[in-house]
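Have the viewer ready and follow along.

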Amino acid sequence: MTIKHHLSDDLLMAYSAGDLPEAFNLVIATHVSLCDECRARLEAYDALGGAVIEEQVAEMSMGSLEACLARIEGLPQANARAPRRGNGIFPAPLVDYIGGGLDAVKWRPLGLGARQAILKMGDNGASVRLLSIPGGTAMPDHGHSGLEMTLVLQGAFRDEGDRFGRGDIEVADDSLEHTPIAEPGETCICLAATQGPLRFNRLIPRLAQPFFRI
Ligand code: ZN
Ligand code: ZN
């Protein structure tokens, strides 16, 4: 597996600092568990964040130092970034969320053979779903009202002249109206997080939107 499409430094930094909605955290954690390159960059940002904390600790009074250390003890350790075993095509962070592999997913039909499963999130800043698109089929034509992150878990799709295969991540924002198309052959399964509702361009998907909660 060769990953061509990675996370930007901005996103890795924001993830390391814990600044992103849970939905994006899940997509990033899943990509990082597949991608040595992004994991190395993330560990560098983690270390940088740790150094900033140490500097602040040096300037603290004893009482607040103890409180701060108690907080740090509750944080995940540095080796928490090391990849763990997944289940089939699902890396470990996704297995943790779903509570199993592909057979534990509760799919709902989206029409034309496409299916989705919305994953429950504790916060409402963004939503995250699994999408299953038959080979050769287009994903619904849409624009965005915010950031969208799509990670390929199985198969591949083409979009804007680029190919995205397993492990690749596409980041789109509200300036992009696009139509990703699953490559002929294997069903394309993606994990996609979106900020705010998607805007569909075609009439029928737009009418259907409240039912599918897209
Ligand atoms: Zn990467
Ligand atoms: Zn999109």
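In which strand is Gln154 found? Keep in mind that this is a predicted model. Gln154 belongs to strand 5, which covers residues 148–154. Its side chain has a polar atom 2.8 Å from the backbone oxygen of Thr187. Thr187 is also one of the residues in contact with Gln154 once neighbours within four places in sequence are set aside; the others are Ile89, Glu186, Cys188 and Ile189.

Next, have a look at Ala117, which sits in strand 2, residues 114–119. Beyond its neighbours within four places in sequence, Ala117 makes contact with Val105, Lys106 and Trp107, and also with Val128, Arg129 and Leu130.

Not counting residues up to four places away in sequence, His31 touches Ile3, His5, His6 and Leu7, together with Cys38, Leu151, Gly167 and Ile169.

How accessible are these residues? The table lists the values.

| Residue | Element | Relative accessible area |
|---|---|---|
| Ala117 | strand 2 (residues 114–119) | 5% |
| Gln154 | strand 5 (residues 148–154) | 16% |

Gln154 counts as buried because its relative accessibility of 16% falls under the 20% cut-off.

Notes: Residues are numbered from 1 along each chain as its sequence is written. Chains are lettered from A and ligands numbered from 1 in the order in which they are written. This is a predicted model: local features need pLDDT of at least 70, side-chain atom pairs count only at pLDDT 80 or more; totals for chains, interfaces and linings use all residues. Side-chain values use heavy atoms; hydrogens and water are left out. Contact means heavy atoms within 4.5 Å. Helices (H or I, at least four residues) and strands (E, at least two) are DSSP runs, numbered from the N terminus. Buried means under 20% relative accessible area, exposed over 50%, partly exposed in between (1.4 Å probe, protein chains only). A polar contact is a pair of N or O atoms within 3.5 Å; within protein, one must be able to donate a hydrogen and the other to accept it, and residues adjacent in sequence count only if both atoms are side-chain atoms.
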